[in-house]
Amino acid sequence: MEKLYSVKMRSSAAGHHISGAERIVREEEIEKVAGELVRRALNHSKGKPDFINLKVELLSEEPLRLTLLPVIEVTGNYSAERVLKELFSLSPIPVELGLRVYRELLSGPAPDGKTMRGAMIVEVPSGKRLEPDKFRGVRASYLDITKEAERKLRELTGERFTENFKEALTLSTKILNYPAVLGELCVSDDPDYTTGYLSLKGVGYIRIKNIKEAGSPLGGRAIFVRESTSLDELIRYLEKIPVLADRVSSYSLVPAEELSKVFSENSL
(Lines give C-alpha, C1' and ligand atoms only; values in the text may rest on other atoms or scores of the structure.)
Protein backbone atom coordinates (compact mmCIF):
# COMPACT_ATOMS: atom_id res chain seq x y z
CA MET A 1 0.00 0.00 0.00
CA GLU A 2 1.32 3.44 -0.97
CA LYS A 3 1.94 5.77 2.00
CA LEU A 4 -0.63 8.56 1.76
CA TYR A 5 -1.58 11.30 4.21
CA SER A 6 -4.81 13.18 4.80
CA VAL A 7 -4.23 16.93 5.27
CA LYS A 8 -7.26 18.85 6.58
CA MET A 9 -7.84 22.52 7.33
CA ARG A 10 -10.74 24.05 9.24
CA SER A 11 -11.02 27.72 10.19
CA SER A 12 -13.45 29.73 12.29
CA ALA A 13 -14.01 33.14 13.87
CA ALA A 14 -15.77 33.73 17.20
CA GLY A 15 -16.77 30.08 17.15
CA HIS A 16 -18.42 30.24 13.72
CA HIS A 17 -17.14 28.06 10.87
CA ILE A 18 -15.55 30.00 7.98
CA SER A 19 -13.90 27.49 5.69
CA GLY A 20 -12.52 24.01 5.31
CA ALA A 21 -10.56 22.02 2.77
CA GLU A 22 -8.65 18.78 2.57
CA ARG A 23 -6.22 16.85 0.42
CA ILE A 24 -4.75 13.35 0.18
CA VAL A 25 -1.02 13.58 -0.56
CA ARG A 26 2.33 11.81 -0.44
CA GLU A 27 4.73 12.56 2.43
CA GLU A 28 6.93 14.86 0.34
CA GLU A 29 3.89 17.04 -0.52
CA ILE A 30 2.68 17.64 3.04
CA GLU A 31 4.58 20.86 3.75
CA LYS A 32 3.60 22.54 0.46
CA VAL A 33 -0.06 21.55 0.69
CA ALA A 34 -0.30 22.56 4.37
CA GLY A 35 0.94 26.04 3.44
CA GLU A 36 -1.59 26.30 0.61
CA LEU A 37 -4.46 25.40 2.92
CA VAL A 38 -3.40 27.89 5.60
CA ARG A 39 -3.17 30.67 2.98
CA ARG A 40 -6.63 29.71 1.81
CA ALA A 41 -7.97 29.99 5.36
CA LEU A 42 -6.46 33.47 5.74
CA ASN A 43 -7.96 34.78 2.51
CA HIS A 44 -11.60 33.77 2.57
CA SER A 45 -14.54 35.94 1.49
CA LYS A 46 -16.31 35.19 4.80
CA GLY A 47 -13.58 37.00 6.75
CA LYS A 48 -10.39 36.47 8.75
CA PRO A 49 -10.35 33.50 11.10
CA ASP A 50 -9.21 33.68 14.70
CA PHE A 51 -8.69 29.90 14.74
CA ILE A 52 -7.13 27.60 12.15
CA ASN A 53 -6.87 23.87 12.72
CA LEU A 54 -4.51 21.83 10.54
CA LYS A 55 -4.53 18.04 10.85
CA VAL A 56 -2.11 15.64 9.13
CA GLU A 57 -2.88 11.94 9.37
CA LEU A 58 -1.40 8.81 7.80
CA LEU A 59 -4.14 6.85 6.04
CA SER A 60 -4.61 3.35 7.41
CA GLU A 61 -6.24 1.99 4.27
CA GLU A 62 -5.95 2.38 0.51
CA PRO A 63 -8.43 4.93 -0.90
CA LEU A 64 -11.29 3.77 -3.09
CA ARG A 65 -10.63 4.87 -6.68
CA LEU A 66 -13.68 6.46 -8.30
CA THR A 67 -14.64 8.04 -11.63
CA LEU A 68 -15.98 11.59 -11.31
CA LEU A 69 -19.69 11.98 -11.94
CA PRO A 70 -20.76 13.13 -15.41
CA VAL A 71 -21.21 16.92 -15.33
CA ILE A 72 -24.24 18.61 -16.89
CA GLU A 73 -24.23 22.42 -16.89
CA VAL A 74 -27.66 24.00 -17.33
CA THR A 75 -27.50 26.90 -19.81
CA GLY A 76 -29.81 29.74 -20.80
CA ASN A 77 -31.91 32.14 -18.78
CA TYR A 78 -33.85 30.26 -16.16
CA SER A 79 -35.09 30.25 -12.59
CA ALA A 80 -33.12 27.88 -10.37
CA GLU A 81 -36.31 26.84 -8.58
CA ARG A 82 -38.03 26.03 -11.88
CA VAL A 83 -35.08 23.90 -12.99
CA LEU A 84 -35.01 22.08 -9.64
CA LYS A 85 -38.76 21.46 -9.87
CA GLU A 86 -38.33 19.79 -13.25
CA LEU A 87 -35.31 17.76 -12.11
CA PHE A 88 -37.08 16.49 -9.01
CA SER A 89 -40.17 15.62 -11.10
CA LEU A 90 -37.99 13.33 -13.23
CA SER A 91 -36.23 11.74 -10.25
CA PRO A 92 -37.28 9.42 -7.37
CA ILE A 93 -37.25 12.46 -5.03
CA PRO A 94 -40.76 13.97 -4.70
CA VAL A 95 -40.99 17.54 -6.01
CA GLU A 96 -42.57 18.90 -2.82
CA LEU A 97 -39.86 17.35 -0.68
CA GLY A 98 -37.02 18.50 -2.93
CA LEU A 99 -38.25 22.09 -3.03
CA ARG A 100 -38.90 22.13 0.73
CA VAL A 101 -35.32 21.06 1.38
CA TYR A 102 -34.03 23.66 -1.13
CA ARG A 103 -35.86 26.43 0.73
CA GLU A 104 -34.51 25.17 4.05
CA LEU A 105 -30.97 25.46 2.70
CA LEU A 106 -31.65 29.02 1.52
CA SER A 107 -33.03 30.08 4.91
CA GLY A 108 -30.53 28.27 7.16
CA PRO A 109 -31.10 24.56 7.88
CA ALA A 110 -29.77 24.47 11.47
CA PRO A 111 -32.33 24.76 14.31
CA ASP A 112 -31.16 28.34 14.99
CA GLY A 113 -31.64 29.35 11.34
CA LYS A 114 -27.91 29.32 10.58
CA THR A 115 -25.71 27.19 8.35
CA MET A 116 -24.73 23.67 9.40
CA ARG A 117 -21.11 22.53 9.15
CA GLY A 118 -22.19 19.30 7.50
CA ALA A 119 -25.09 17.93 5.50
CA MET A 120 -28.70 17.15 6.22
CA ILE A 121 -29.60 13.47 5.68
CA VAL A 122 -33.14 13.34 4.25
CA GLU A 123 -35.12 10.10 3.95
CA VAL A 124 -37.14 9.62 0.75
CA PRO A 125 -40.11 9.75 0.48
CA SER A 126 -40.93 10.52 4.16
CA GLY A 127 -38.78 13.66 4.29
CA LYS A 128 -37.59 12.77 7.78
CA ARG A 129 -34.21 14.26 8.71
CA LEU A 130 -31.88 11.54 9.96
CA GLU A 131 -28.66 13.33 10.90
CA PRO A 132 -27.95 12.83 14.64
CA ASP A 133 -26.88 16.43 15.26
CA LYS A 134 -29.08 19.02 13.52
CA PHE A 135 -26.52 21.78 14.16
CA ARG A 136 -23.47 19.93 12.88
CA GLY A 137 -24.94 17.61 10.25
CA VAL A 138 -22.79 14.90 8.67
CA ARG A 139 -19.53 15.74 6.90
CA ALA A 140 -18.05 13.78 4.02
CA SER A 141 -14.30 13.59 4.51
CA TYR A 142 -11.08 11.84 3.40
CA LEU A 143 -11.36 12.66 -0.29
CA ASP A 144 -9.36 14.23 -3.09
CA ILE A 145 -8.75 14.17 -6.84
CA THR A 146 -5.50 13.04 -8.49
CA LYS A 147 -3.39 15.53 -10.42
CA GLU A 148 -4.01 13.67 -13.68
CA ALA A 149 -7.79 13.65 -13.19
CA GLU A 150 -7.71 17.36 -12.30
CA ARG A 151 -5.74 18.10 -15.49
CA LYS A 152 -8.31 16.25 -17.60
CA LEU A 153 -11.18 17.99 -15.80
CA ARG A 154 -9.58 21.37 -16.59
CA GLU A 155 -9.33 20.36 -20.25
CA LEU A 156 -12.98 19.28 -20.34
CA THR A 157 -14.39 22.38 -18.66
CA GLY A 158 -12.03 25.13 -19.90
CA GLU A 159 -12.89 28.58 -18.60
CA ARG A 160 -15.75 27.16 -16.54
CA PHE A 161 -13.29 25.37 -14.23
CA THR A 162 -12.97 26.68 -10.66
CA GLU A 163 -11.46 25.24 -7.49
CA ASN A 164 -14.90 25.32 -5.86
CA PHE A 165 -16.34 23.29 -8.72
CA LYS A 166 -13.53 20.71 -8.62
CA GLU A 167 -13.88 20.17 -4.88
CA ALA A 168 -17.68 20.02 -4.98
CA LEU A 169 -17.62 17.51 -7.83
CA THR A 170 -15.14 15.30 -5.98
CA LEU A 171 -17.22 15.48 -2.80
CA SER A 172 -20.44 14.67 -4.61
CA THR A 173 -18.78 11.77 -6.43
CA LYS A 174 -17.96 10.21 -3.07
CA ILE A 175 -21.46 10.81 -1.71
CA LEU A 176 -23.32 9.45 -4.77
CA ASN A 177 -21.12 6.33 -4.79
CA TYR A 178 -22.90 5.05 -1.68
CA PRO A 179 -25.64 2.61 -2.82
CA ALA A 180 -28.47 4.02 -0.68
CA VAL A 181 -27.93 7.66 -1.76
CA LEU A 182 -30.41 8.93 -4.36
CA GLY A 183 -29.13 12.47 -4.72
CA GLU A 184 -27.42 15.48 -3.19
CA LEU A 185 -28.43 19.15 -3.31
CA CYS A 186 -25.86 21.85 -2.55
CA VAL A 187 -26.15 25.60 -2.06
CA SER A 188 -22.79 27.14 -1.10
CA ASP A 189 -22.67 29.25 2.06
CA ASP A 190 -19.97 31.41 0.44
CA PRO A 191 -21.58 34.86 -0.12
CA ASP A 192 -19.68 35.27 -3.40
CA TYR A 193 -20.43 31.84 -4.88
CA THR A 194 -23.95 31.46 -6.29
CA THR A 195 -23.57 28.37 -8.50
CA GLY A 196 -24.98 25.22 -6.90
CA TYR A 197 -25.80 21.72 -8.01
CA LEU A 198 -28.13 18.76 -7.78
CA SER A 199 -26.47 15.36 -8.20
CA LEU A 200 -28.72 12.42 -9.03
CA LYS A 201 -27.94 8.71 -9.06
CA GLY A 202 -27.58 7.42 -12.61
CA VAL A 203 -27.66 10.92 -14.13
CA GLY A 204 -24.76 12.99 -12.80
CA TYR A 205 -23.77 16.32 -11.30
CA ILE A 206 -26.14 19.02 -12.60
CA ARG A 207 -24.65 22.49 -12.24
CA ILE A 208 -27.18 25.31 -11.67
CA LYS A 209 -26.27 29.00 -11.75
CA ASN A 210 -27.84 31.64 -9.47
CA ILE A 211 -29.14 29.00 -7.07
CA LYS A 212 -29.18 31.71 -4.39
CA GLU A 213 -28.90 35.50 -4.17
CA ALA A 214 -25.40 36.97 -4.18
CA GLY A 215 -24.26 38.13 -0.75
CA SER A 216 -26.19 35.54 1.25
CA PRO A 217 -24.05 33.75 3.87
CA LEU A 218 -26.57 30.90 4.12
CA GLY A 219 -26.60 27.55 2.35
CA GLY A 220 -25.64 23.96 2.93
CA ARG A 221 -26.12 20.51 1.49
CA ALA A 222 -28.73 17.77 1.73
CA ILE A 223 -28.19 14.09 1.02
CA PHE A 224 -31.32 12.18 -0.05
CA VAL A 225 -31.34 8.51 0.94
CA ARG A 226 -33.64 5.51 0.48
CA GLU A 227 -35.88 4.24 3.27
CA SER A 228 -34.30 1.78 5.71
CA THR A 229 -30.80 3.13 5.06
CA SER A 230 -28.36 2.12 7.81
CA LEU A 231 -27.43 5.52 9.20
CA ASP A 232 -24.37 4.20 11.04
CA GLU A 233 -22.96 2.59 7.89
CA LEU A 234 -23.66 5.68 5.78
CA ILE A 235 -21.96 8.00 8.29
CA ARG A 236 -18.97 5.69 8.58
CA TYR A 237 -18.57 5.69 4.79
CA LEU A 238 -18.93 9.47 4.49
CA GLU A 239 -16.69 10.37 7.42
CA LYS A 240 -14.06 7.61 7.47
CA ILE A 241 -13.56 5.80 4.12
CA PRO A 242 -10.88 7.49 1.97
CA VAL A 243 -11.67 8.18 -1.69
CA LEU A 244 -9.54 9.39 -4.61
CA ALA A 245 -11.18 10.43 -7.88
CA ASP A 246 -8.71 9.33 -10.53
CA ARG A 247 -10.79 9.34 -13.73
CA VAL A 248 -13.11 11.84 -15.41
CA SER A 249 -16.41 11.07 -17.09
CA SER A 250 -18.07 13.68 -19.33
CA TYR A 251 -19.03 17.34 -19.42
CA SER A 252 -21.98 18.71 -21.35
CA LEU A 253 -23.92 21.94 -21.72
CA VAL A 254 -27.69 21.42 -21.73
CA PRO A 255 -30.28 24.18 -22.29
CA ALA A 256 -32.79 24.38 -19.44
CA GLU A 257 -35.67 23.51 -21.76
CA GLU A 258 -33.98 20.25 -22.82
CA LEU A 259 -33.23 18.76 -19.39
CA SER A 260 -35.66 15.88 -19.86
CA LYS A 261 -33.36 14.53 -22.59
CA VAL A 262 -30.66 13.99 -19.97
CA PHE A 263 -32.96 11.60 -18.15
CA SER A 264 -34.06 9.75 -21.27
CA GLU A 265 -30.41 9.04 -22.06
CA ASN A 266 -29.59 7.81 -18.54
CA SER A 267 -31.20 5.33 -16.20
CA LEU A 268 -32.00 6.23 -12.62
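Two strands are said to pair if DSSP finds at least two bridges between them. Strands themselves are DSSP runs (E, at least two residues), numbered from the N terminus. By this definition, β6 and β11 pair in the parallel sense, over six bridges. Within this pairing, V124 stands opposite R226 in β11.

The model is predicted: local features need pLDDT of at least 70, side-chain atom pairs count only at pLDDT 80 or more, and totals for chains, interfaces and linings use all residues. Residues are numbered from 1 along each chain as its sequence is written, and side-chain values use heavy atoms, with hydrogens and water left out.

The pair β6 and β11 belongs to an open sheet of seven strands, whose order is β6-β11-β8-β9-β10-β5-β13 and whose pairing is mixed. At its edges lie β6 (119–124) and β13 (251–255), each of which pairs on one side only. From one strand to the next, the twist averages 20 degrees, an angle taken between the N-to-C directions of axes fitted to C-alpha atoms, on a scale from 0 to 180 degrees.

Consider next strand β8 (residues 181–187). Six bridges join β8 to β11 (residues 220–226), and the two run antiparallel; here V187 has G220 in β11 as its bridge partner. Strand β8 also pairs with β9 (residues 196–200), again in the antiparallel sense, over four bridges. In that pairing, C186 stands opposite Y197 in β9.

How many residues of β8 are buried? Seven of the seven are, so the strand is largely enclosed by the rest of the structure. Buried here means under 20% relative accessible area, computed with a 1.4 Å probe on protein chains only.

How values were computed:
Buried means under 20% relative accessible area, exposed over 50%, partly exposed in between (1.4 Å probe, protein chains only).
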